[in-house]
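Let's look at this structure together through a handful of friendly questions. Each answer sets a value beside the rule that gives it its name.

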Amino acid sequence: MLKKIYAAIILVAITAGTAALAQSGALKGKVVDAANSEGISFANVQIEQGGSPIAKTVADIDGNFTIKPITPGTYDLKTAAVGYNPLLISKVLIGGDKTTYQDLKVTSSAGMLPVFEKVEYEKPLIRPDNVQGKDVTRAEFDAMPSKNI
């Protein structure tokens, strides 16, 4: 009897762990110079929610970055690099089991005082990793007709 209880507990733990991992999203992109589209090496990239940092990373030598796992939701994306103005992209939508792609174009700060550039996130019409189906935002989902069961 005790073996069955232990087996049930282990099964529930494994199932719950798999379900929790299945709900995370990812953010990939590249930090580039706005003037010549060259990758910015070792730029700091951070996502925030409500002003609190959630996750951060450093871009590689070509400017590519990946942040994962991320709980689905809406975030602000910040980047900063030496010699460039900081950039903030607000309202970036991260979906569950999906990778969101967002490139960051930063401007040079040579000879200028630092200015924080703020850009609104625009949902892309076509996602590169969407091979079937379509994306539906929370507002679109809530507006869909349904039956009360």
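Q: What makes a pair of atoms a polar contact?
A: The pair must be N or O atoms within 3.5 Å, and within protein one must be able to donate a hydrogen and the other to accept it. In this predicted model, the side chains of Q46 and E48 are joined by such a contact of 2.6 Å.

Q: How do you know whether Q46 is buried or exposed?
A: Buried means under 20% relative accessible area. Q46 has a relative accessible area of 17%, so Q46 is buried.

Q: Where does Q46 lie, and which residues is Q46 in contact with beyond its neighbours within four places in sequence?
A: Q46 is part of strand β2. With those neighbours set aside, the contacts of Q46 are P53, A55, K56, D76, L77 and K78.

Q: Why are K78 and E48 called a salt bridge?
A: The rule asks for a side-chain nitrogen of Lys or Arg within 4 Å of a carboxyl oxygen of Asp or Glu. The closest N and O atoms of K78 and E48 are 3.4 Å apart, so the pair meets the rule.

Q: Are the two partners, K78 and E48, buried or partly exposed?
A: E48 has a relative accessible area of 8%, under the 20% limit, so E48 is buried. K78 has 28%, which falls between 20% and 50%, so K78 is partly exposed.

Q: How many salt bridges are there by this rule?
A: The count is 2 salt bridges. One of them is the pair of K78 and E48, and K91 and E120 also meet in a salt bridge.

Q: What makes K91 and E120 a salt bridge?
A: Their side chains are 3.9 Å apart, N to O, and the limit is 4 Å, so the name applies. This pair links distant parts of the chain, with K91 in strand β6 (residues 87-94) and E120 in strand β9 (residues 117-120), 29 residues apart. E120 has a relative accessibility of 45%, between the two limits of 20% and 50%, so E120 counts as partly exposed.

Q: Why is S90 called buried?
A: S90 has 6% relative accessibility, under the limit of 20%, so S90 counts as buried. S90 lies in strand β6.

Q: How do you know that S90 and E120 make a polar contact?
A: Their side chains are joined at 3.4 Å, and the limit for a polar contact is 3.5 Å. Leaving out neighbours within four places in sequence, S90 is in contact with Y75, D76, K118, V119, E120 and Y121.

Q: Why are β2 and β3 called paired strands?
A: Pairing needs at least two bridges, and 6 bridges join β2 to strand β3 (residues 52-58), so the two strands pair. They run antiparallel, and Q49 stands opposite S52 in β3. The two strands form a hairpin with 2 residues between them, and G50 in the turn has a positive phi of about 65 degrees.

Q: Where does D97 lie, and is D97 buried or exposed?
A: D97 is in the loop between β6 and β7 (99-101). Its relative accessibility is 54%, over the limit of 50%, so D97 counts as exposed.

Q: Which residues does a cis peptide bond join?
A: The bond joins K68 and P69, with omega at about -10 degrees. P69 is found in strand β4 (residues 64-70).

Key: Residues numbered from 1 in each chain as written. Predicted model: local features only at pLDDT ≥ 70, side-chain atom pairs only at ≥ 80, totals over all residues. Heavy atoms only, no water. Buried < 20%, exposed > 50% of the residue type's maximum accessible area, 1.4 Å probe, protein only. Contact = heavy atoms within 4.5 Å.
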